[in-house]
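Trainee: Let's go through this one together. I will ask, and please show me how you get to each answer.

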Amino acid sequence: MNRVIPGFGLSLGITLLYLSLIVLLPLGALVWQALDVGWERYLAILSGPRTATAFRITFATAALATAFNCVYGLALAWVLARYEFPGKRLLDALVDVPFALPTAVAGLALSALFVKNGWFGGPLAALGIDVAYTPLGIAIAMAFTSIPFVVRTVQPVLEDLHADVEEAAATLGASDRRIFATVIFPAIFPAFLTGASLSFARSLGEFGAIIFIAGNLPMKTEVVSLLTFIRIEEYDYPAAAAIAATLLATAFVMLFLVNMIQLWQQRRIGSAD
Amino acid sequence: MAAPPTIPRPRKDGLGARVRVGSGAATRRVLIGAVLLVTALILVAPLAAIFAEALKHGWGAYAASFAAPDTQYAIWLTLITALVVVPINIGFGIAAAWCIAKFSFPGRNLLVALVELPFSISPIIAGVAYLFVYGAQGLLGPTLEAWDIKIMFAVPGIMLASLFVTAPFVARELIPLMIAQGSEEEEAAVTLGAGGWRILRLVTLPNVRFALLYGAALCNARVMGEFGAVSIVSGNIRGQTNTLPLQIELLYQDNNAVAAFAVATLLTAVALVTLVAKAIIERLDRAREAAH
């Protein structure tokens, strides 16, 4: 252990105290409130039609948003890692827009684009596709806010890939598609899975971007985070605690999953050396 | 700054450049074209729409949007919140990075996970959790009431929720960099008789200043733009607990779209400045690395 450098006790003390007060105390209070609800009532709250539907809508739209980001994110990471072209730096900077832009602003902007008289809403309505105030709108808001995850996890791995394996495969006469499927994709798969999981987790909890575009109709376009917010406004704290604790548990499961993937990735890299 | 002379890229591998997957002209063109098109539609169009909607009725209407006292209050409250929250989380980030990067101890990985935890938690959960601590029915509710301290539906609640949501930003930038840089310079400073604060100020912080700046910029953008957590703890009282994102929602619900978009341009500008700062910091970092 390194004890030459001073300040271990002080810095660890500050860190632990701060995390306890700012992070653990509130999360503990949430769990305490949820436990107070009791198992039977908890099940009754979650299986209530409005809550159950909100969970179904949230998971389905988050899955759709993640699927979009898997394709678009992978293509974006590939283009940024493999090609040189004018405007590449700008494109690279644009990827971070969803992280820097407040979710409320994103929601406002997307709703302006997709309402009936918006830039996209008009042409889409002519094709018979409604986005604003439908689950599709929710998925688009989720997709926007989670764009950077897949890109930023896959891009560095793609940049670090050595050319020699690809060359060897090409020398043996493998087609591009075959090399991608058998050499490149397996190499980026753990990072890709991590990015997808993070994107999905973020979409499950998204609020600000969604409420502007979703229409927020119970049983139709109401997501779990909004339902939690509504229960708080109705002073129905047991219901809010039950729903929020469920979301929290989901977040922990996703976090655990991501850590497992990363462990697997490190072990694979370790064994490859 | 003068443009750097263009140096021809050395070909790393004689044949490799030609046979790498996707290097064919057609594949390349299709992929770049498709990505640029989707990016224009999903990333650029929303940014453009914000400014187009804000300026729909001209510059006069745009400027008038900021004259409303509620909006001016929201600007002020947002700035104050950032002024309080960002320095605190810079301090926390430095402390966390110092103990995690400079020392090894049992539970270190768990501590790293704990520092990053707020990133994985929906802001709505954060807001609800704070309500269960400081609200009337919360853990500390009765005590606070007895002492007549108001935290929920007031400015302190907004600041606490913002602290939670943005706690990891500075720490996450500093930790990997400080681990990568190692501790040799600090150890040398100790041998020369320097104390902890002196080392931090003269050795460590100068070495990580770009990462620190970037972390602080991200933290600031997020504090100013936080919506979910703040909307639960603030109570949305006009002219009292309304930050800029909440003001945007209120104006939008009031059917005052131009004003909502006008306020949104302020936060969009903050986001764009943050991204430009990131690009500059990355370039400086690369220049420094190349100079080493």
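**Two chains, piece by piece**

Trainee: How many of the 12 residues of H8(B) are buried?

Mentor: Start with the terms. A helix is a DSSP run of H or I with at least four residues, a strand is a run of E with at least two, and both are numbered from the N terminus. Buried means 20 or more other C-beta atoms within 10 Å of a residue's own, exposed means 12 or fewer, partly exposed is in between, and C-beta atoms are placed from the backbone. H8(B) is mostly covered, and its buried count is 10.

Trainee: What kind of model is this?

Mentor: Residues are numbered from 1 along each chain as its sequence is written, while chains are lettered from A and ligands numbered from 1 in the order written. Local features need pLDDT of at least 70, side-chain atom pairs count only at pLDDT 80 or more, and totals for chains, interfaces and linings use all residues, for this model is predicted.

Trainee: How far apart are the end C-alpha atoms of H8(B)?

Mentor: Work out the expected span first: 1.5 Å times one less than the number of residues. H8(B) covers residues 155–166, so its 12 residues should span 16 Å. The model agrees with that, at 17 Å.

Trainee: What is the end-to-end distance in helix H1 of chain A?

Mentor: Use the same sum. H1(A) holds 30 residues, 8–37, so it should span 44 Å. The C-alpha distance agrees, at 41 Å.

Trainee: Where is the kink in H1(A) centred?

Mentor: Take the bend at a residue as the angle between axes fitted to the seven residues ending there and the seven starting there. In H1(A) the kink is about 40°.

Trainee: Which residue just after H1(A) takes a positive phi?

Mentor: Step past the end of the helix. The phi there is about 90°. The residue is Gly38(A).

Trainee: Which residues have the most contacts inside the largest nonpolar core?

Mentor: A nonpolar core is a set of buried Ala, Val, Leu, Ile, Met, Phe, Trp, Tyr and Cys residues joined through C-beta atoms within 7 Å. The largest one has 166 residues. Helix H4 of chain B, residues 69–102, gives the most to this core, with 15 residues. The residues with the most contacts inside it are Leu30(A), Leu108(A), Ile210(A) and Val128(B).

Trainee: Which residues of chain B does Leu30(A) touch?

Mentor: Contact means that two C-beta atoms, placed from the backbone, lie within 7 Å. Leu30(A) is one of the buried residues of H1(A). Skip residues up to four places away in sequence, and within chain A it touches Ala241(A), Ala244(A), Ala245(A) and Leu248(A). In chain B it touches Ile125(B), Val128(B), Ala129(B) and Phe132(B).

Trainee: How many nonpolar residues are on the side of chain B that touches chain A?

Mentor: In all, 80 residues of chain B are in contact with 73 of chain A. Helix H2 of chain B, residues 25–54, gives the most to that side, with 15 residues. Ala, Val, Leu, Ile, Met, Phe, Trp, Tyr, Cys and Pro count as nonpolar, Asp, Glu, Lys and Arg as charged, and the others, Gly among them, as polar. That side has 15 polar and 9 charged residues, and its nonpolar count is 56.

Trainee: Is Pro46(B) buried or exposed?

Mentor: Pro46(B) lies in helix H2 of chain B. It is in contact with Ala106(A), Ala109(A), Leu110(A) and Leu113(A), leaving aside neighbours within four places in sequence. It has 26 other C-beta atoms within 10 Å, so Pro46(B) is buried.

Trainee: Which residues is Ala101(B) in contact with?

Mentor: Ala101(B) is found in helix H4 of chain B. With 24 other C-beta atoms within 10 Å, it is buried. Leave aside neighbours within four places in sequence, and its contacts are Ile175(B), Met178(B) and Ile179(B).

Trainee: How many helices does chain B have?

Mentor: Chain A has 14 helices and 0 strands. Chain B also has 0 strands, and its helix count is 15.
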